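Please consult the sequence and the structure alongside the text.

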Amino acid sequence: MVDTLIDGHKAHLHPEKIAKWLKTGDCYPIHIEIGLTGRCDHKCIFCALDWVCNQSDIETSVMLDTLKDMAQHNVKSVMFGGEGEPLLHKDISLIVQKAKEYGLDVAITTNGRTFDKEKRENCLPNLSWIKFSVDAGTKEDYAKIHGTLEENFEKLLQNIKETVEFKRKNDLKVTIGTQFLVIPQSMDSVLKLVERFDEIKPDYLVIKPYSDHPKSKKNLCVSVDAYNNLKEKINKIHKGNFEILFREATAQRVEKGMPYPECYGLPFISLIDSKGNVLPCNLFYDQPEFIYGNLNQNSFSEIWGSEKRKEILKKIKELGVENCRHGCRCDAANRYLHRLKNPEAHDNFT
């Protein structure tokens, strides 16, 4: 059974960090998303970071030093994704292996086109999970949505199939996930993808609602009603050979907006881009005034403990969340943390 907290948050599972945050207003992050490269071999029409023009790769030595530093300061996990396709970094296998060796939980989000035999054998035993972005059920829709060749659709499905087989053959604990982003251009083909996955049998398929990045308006959102109707159609044909996760709570949060005045979640999560910049979140890519620091100049722990980072967090607090992305990664945690900061009348009755 896949952890359904994929539609919520896990901040409450780290009480020592919550306690420190409540006491001091800060802590080392639980999780960090790392963009190993700004390069990507697809041109997805839904890409939230299409406005980021960056062709750089983070230096392997810098990345390895950073991973060790983060592990020593009680960071729990890293996910390689970010503004580009992580599998395009020449040392992705080494970086994944070392991250695990240092004591971090490791994950990858990928379009999966280049997840070949070498990467599969070297990465998969060291991963907690890998998630493939599929987002279509036919080669024609896939090519249009992902901005790639039609033939890459079957190549991706074959890579997922071989990944599932490798996991089972070697009795690995890694979770193999897939994702379908619900946009108007993809809705008609999701049923065909479910039929294909009933044969391939990944661990799960998450049906994810789209939300606009403030700097990349695309008008690709669908209504909660349309999303729920899609769920009914999928459940009618699904044979149960893999788990389907519907992010209904996320869809509702995207539509309703944010009930909190500031982003409380920034101490618990951070981003590193392929230039080595340490950032609060993907809202601030390519905004120098919001960069905590750069790993080519200072270590992660030096950056995290710096006065500059404290000043940036103060500036973000003053800005509020009016221009933030609805349903962002911190959204569910923000609602929880806001409640901790602002308890209600009967909260002490368990």
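Predicted model: local features only at pLDDT ≥ 70, side-chain atom pairs only at ≥ 80, totals over all residues.

Apart from neighbours within four places in sequence, L157 is in contact with L193, R196, F197 and I200.

Two packed helices are described by the angle between their axes and the distance between the axes. For helix α2 (residues 60–72) and helix α3 (residues 92–101), the axes come within 9 Å and cross at roughly 15 degrees. Because angles under 35 degrees count as roughly parallel, α2 and α3 are roughly parallel to each other, and their crossing is right-handed. On the α2 side the contact is made by T60, M63, L64 and L67, which meet L94, I95, K98 and A99 in α3. The residues of this contact comprise six nonpolar, one polar and one charged.

Turning to the cysteines, a search of the whole structure finds zero disulfides. C281 is in no disulfide, the nearest cysteine sulfur being that of C324, and C328 is likewise in none, with the sulfur of C330 as its nearest.

| Cysteine | Nearest cysteine sulfur | Distance | Relative accessible area |
|---|---|---|---|
| C281 | C324 | 6.4 Å | 23% |
| C328 | C330 | 5.2 Å | 26% |

With these relative accessible areas, C281 is partly exposed, and C328 is partly exposed as well.

How values were computed:
Residues numbered from 1 in each chain as written. Heavy atoms only, no water. Axes fitted to C-alpha atoms, helices over the stretch in contact; angles between N-to-C directions. Helix = DSSP H or I, 4+ residues; strand = E, 2+ residues; numbered from the N terminus. Parallel < 35°, antiparallel > 145°, perpendicular 65-115°, else oblique. Left-handed = near helix turned anticlockwise from the far one by under 90°. Contact = heavy atoms within 4.5 Å. Nonpolar A, V, L, I, M, F, W, Y, C, P; charged D, E, K, R; others polar. Disulfide = S-S within 2.5 Å. Buried < 20%, exposed > 50% of the residue type's maximum accessible area, 1.4 Å probe, protein only.
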